[in-house]
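Thanks for coming, everyone. I have one structure to walk through today. Please bring it up on your screens.

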Amino acid sequence: MPWAVLLADGETVARYRAHVLRRGPDECWWWTGGLTDTAHGTFRAVSLPGRTRRGTVPAHLFGYRLANGPDALPPGLVVRHTCDEPPCQNPAHWLAGTRGDNNRDAASRRRLAGHALADVRGAVGRARAVQAAIAAAARPEDLDAAIAAALAAGNPSGAHQDALF
């Protein structure tokens, strides 16, 4: 199904948005739906006939095109997460680039103490911990503390190192 058709369908867009925990403009917006083994959100944009998961797309790819238009991502480019949180759905955290750009980003930051890419649980363990914290938060005002605790649990040393540039 063409992107323009999917993005114009109000029901599909509403289902996508129902899985996004929107927070402040500079904060990660967490995906609360299914995850891939690399911690990226997975979204069943359309049900197509057959026994496979045809019609399932990466959530951030759907969101990027929703925010920027159906033809916003030229062939050969990927959506990079500047926050290094694969389930993040905040359009302000996305940047188009090549797969090589994305790999260089990760290589330059994965060894920074306290960074998302250095989480001892791995990306999917980190994402699942945040999803569990969101689900367990008793009240909306408890969400930020619950998410912060889930993120901190992946950095037992408590050390933090910012990127040099």
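**Helix 2 and its neighbours**

Let's start with helix 2. Its buried residues pack against helix 1 (3-8), strand 1, strand 2, strand 3, helix 3 and strand 6. Keep in mind that this is a predicted model.

Which residues of helix 2 are buried? They are T12, V13 and Y16. These residues cover an arc of only 95 degrees around the axis, so they sit on the same side of helix 2. Now turn to the face away from that buried side. There you find the exposed residues E11 and A18.

A quick reminder on geometry. An α-helix has 3.6 residues a turn, so residues three or four places apart point the same way.

**The overall layout**

Step back for a moment. The protein has six helices and six strands. Reading from the N terminus, the order is α-α-β-β-β-β-α-β-β-α-α-α. The protein has 165 residues, and 38% of them are buried. Now the contacts. Take those in the protein with a separation of 6 or more: residues 24 or more positions apart account for 53% of them.

**Helix 6**

Helix 6 spans residues 143-152, and its buried residues are L143, I147 and A150. The arc they cover around the axis is only 60 degrees, and therefore they lie on the same side of helix 6. What do the buried residues of helix 6 pack against? Strand 1 (20-21), strand 2 and helix 5 (122-136). Strand 1 and strand 2 were also on the list for helix 2.

**The second largest pocket**

On to the second largest pocket. It holds about 160 Å³ of space. The lining consists of Y16, R17, V20, R22, W29, G63, L66, A67, Q89, P91 and W94. Two elements give two or more residues to that lining: helix 2 (10-18) and helix 3 (59-68). Helix 3 has the largest share, with three residues. Note Y16 here: it belongs to the lining, and it is one of the buried residues of helix 2.

How do the lining residues divide by type? Seven are nonpolar, two are polar and two are charged.

**Cysteines**

The cut-off is 2.5 Å between the sulfur atoms. C88 is in no disulfide either, and its nearest cysteine sulfur is again that of C28, at 3.8 Å.

Are these residues buried or exposed? C83 counts as buried, at 17% relative accessibility. C88 counts as buried too, at 0%.

**Two positive phi values**

Last topic: backbone angles. A39 is not a glycine, yet its phi is positive, near 80 degrees. A39 lies in the loop between strand 2 (30-31) and strand 3 (42-44). Its relative accessible area is 0%, so A39 is buried.

The other case is D84. Here phi is about 65 degrees, again positive and again in a residue that is not a glycine. Where is D84 found? In the loop between strand 5 (78-81) and strand 6 (94-97). D84 is buried as well, with a relative accessible area of 9%.

That's my list. Over to you for discussion.

Methods:
Residues are numbered from 1 along each chain as its sequence is written. This is a predicted model: local features need pLDDT of at least 70, side-chain atom pairs count only at pLDDT 80 or more; totals for chains, interfaces and linings use all residues. Side-chain values use heavy atoms; hydrogens and water are left out. Helices (H or I, at least four residues) and strands (E, at least two) are DSSP runs, numbered from the N terminus. Buried means under 20% relative accessible area, exposed over 50%, partly exposed in between (1.4 Å probe, protein chains only). The arc is that of the directions from the helix axis to the C-beta atoms. Contact means heavy atoms within 4.5 Å. On a 1 Å grid over the protein atoms alone, a cavity is a set of points where a 1.4 Å probe fits but cannot get out, and a pocket is an open set with protein on both sides within 12 Å along at least five of seven lines; lining residues have an atom within 4 Å of a point. Grid points are joined across faces, edges and corners, and a volume is the space filled by probe spheres set on the points. Ala, Val, Leu, Ile, Met, Phe, Trp, Tyr, Cys and Pro count as nonpolar, Asp, Glu, Lys and Arg as charged, and the others, Gly among them, as polar.
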